[in-house]
Every structure is written in structure tokens, then in C-alpha cells.
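Please look over the structure shown below, and then read the notes that follow, which are grouped by topic.

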Amino acid sequence: MGSSDLLAELENISDPNLIASEAELNVARSEIRRVNSILKHCEIRAPFSGQLTEKHAESHEYVQEGAPLFEIIDISHLEVEMVIASKWLERFQIGETFQIRIDETDSLVDASVQRIIGSIDPVSQTIKVIGELKTQNSLLLPGMSGSIILTTAP
């Protein structure tokens with residue numbers, strides 16, 4: 001029971017004042033619903049755990065709805081992207097294993113060919129290959145570079 005209901009019960013408020021108080025209460029409740037609706041759009045939920053790699057907006061900055069705020073990369077499943085000579089394509093079949101020497105850590109990482117992207121570039125005679133890392137190493141970060149080590153030369 002609200003204060004205006006109590007005053008009405010005690011006959012200590014006039015009908016017009018009671019109606020005005022109830023109208024003000026309804027306006028306040030509507031404003032609360034409006035603000036709660038806006039706040040639902042302020043919550044950010046990532047579809048996966050990851051590492052923040054780029055920030056596009058600062059705290060308390062106004063951004064348009066749907067505009068990117070930051071970029072997150074899933075580092076639990078890193079891939080290696082490489083461009084190989086097309087004559088090596090026979091050696092890089094799906095599932096084929098190889099190693100990568102990571103330049104930044106000077107460590108060896110086992111990997112396997114996951115997929116071959118697109119077609120052979122006719123000018124450079126190269127093709128893009130994506131590999132999957134077999135070992136997840138906490139020292140590995142997106143953007144690192146390295147060299148592919150093959151057990152047998154193609």
C-alpha cells in the first residue's frame with residue numbers, strides 16, 4: 001500500500017490530489033521501465049572467453065547501437081595461417097603434420113593442416129593453408145610469426 005493509498009483511506013487527501021499522485025507514480029514507474037530497457041543494451045556478453053586485442057571506445061563514451069566497442073580473440077584454439085608455394089601442395093594435405101618454430105619464443109610447436117583456402121595465385125604460384133596447433137602454449141599469442149619445418153622436403 002502506497003502513501004497516497006494510506007492518505008485516501010484516512011480521508012486525508014482529496015480525489016484530485018489522489019489522482020495526480022497516482023499519475024505521478026505511473027510516470028515514475030514508466031521511467032524506471034524505460035531506463036531498465038536502455039540498461040539491457042549496455043550489458044556486453046562475449047560469445048566466448050578470450051583476450052582483448054583492440055579497443056574502439058572509451059569508458060563513458062557514447063557509441064551508436066551496434067558499433068564495435070572492442071575486439072576479442074579466442075586464444076584457446078589458435079591457428080596458423082601460411083602461404084606456401086603451389087608445388088608444395090601435395091605435401092600439405094589435410095591432416096598432414098608439421099612443426100612451427102615461433103620467432104618470438106624460439107620454441108617448436110606441433111601442428112597439422114586443417115584446410116586449404118581458395119585457389120592458387122597465378123602470379124606468385126602460392127596458396128593459403130590454415131594449420132591447427134596441436135599444443136596450446138600459454139606463451140603463444142595471436143600475430144606471432146615463425147617458420148614451418150617439414151620432416152621431408154617437398
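The side chain of Ser107 makes a polar contact with the side chain of Thr105, at 2.6 Å; such a contact is a pair of N or O atoms within 3.5 Å, where within protein one must be able to donate a hydrogen and the other to accept it, and residues adjacent in sequence count only if both atoms are side-chain atoms. This is a predicted model, in which local features need pLDDT of at least 70 and side-chain atom pairs count only at pLDDT 80 or more, while totals for chains, interfaces and linings use all residues. Residues are numbered from 1 along each chain as its sequence is written, and side-chain values use heavy atoms, with hydrogens and water left out.

**Around Ser107**
- Ser107 lies in strand S5, and with a relative accessible area of 19% Ser107 is buried, a word that means under 20% relative accessible area, against over 50% for exposed and partly exposed in between (1.4 Å probe, protein chains only).
- Leaving aside its neighbours within four places in sequence, Ser107 is in contact (heavy atoms within 4.5 Å) with Ile100, Arg101 and Ile102.

**The chain as a whole**
- The secondary structure of the protein chain comes to two helices and seven strands, which are DSSP runs numbered from the N terminus (helices H or I, at least four residues; strands E, at least two).
- Read along the sequence, the pattern of the protein chain is α-α-β-β-β-β-β-β-β.
- Of the 154 residues of the protein chain, 16% count as buried.

**The largest nonpolar core**
- A nonpolar core is a set of buried Ala, Val, Leu, Ile, Met, Phe, Trp, Tyr and Cys residues joined through side-chain atoms within 4.5 Å; in the largest one, which has 15 residues, Phe92, Phe98, Ile100, Val129 and Leu133 touch the most other members.
- Two or more residues of this core come from each of strand S3 (79-85), strand S4 (97-102), strand S5 (107-121) and strand S6 (126-133).
- Apart from its neighbours within four places in sequence, Leu133 is in contact with Leu78, Ile100, Val109, Asp110, Ala111 and Leu140.

**Residues lining the second largest pocket**
- The lining residues, which have an atom within 4 Å of a point of the pocket (on a 1 Å grid over the protein atoms alone, an open set of points where a 1.4 Å probe fits, with protein on both sides within 12 Å along at least five of seven lines), number 17 here, and the closest to the centre of the second largest pocket are Glu79, Val80, Glu81, Met144 and Ser145.
- S3 gives the most to the lining of the second largest pocket, with four residues.
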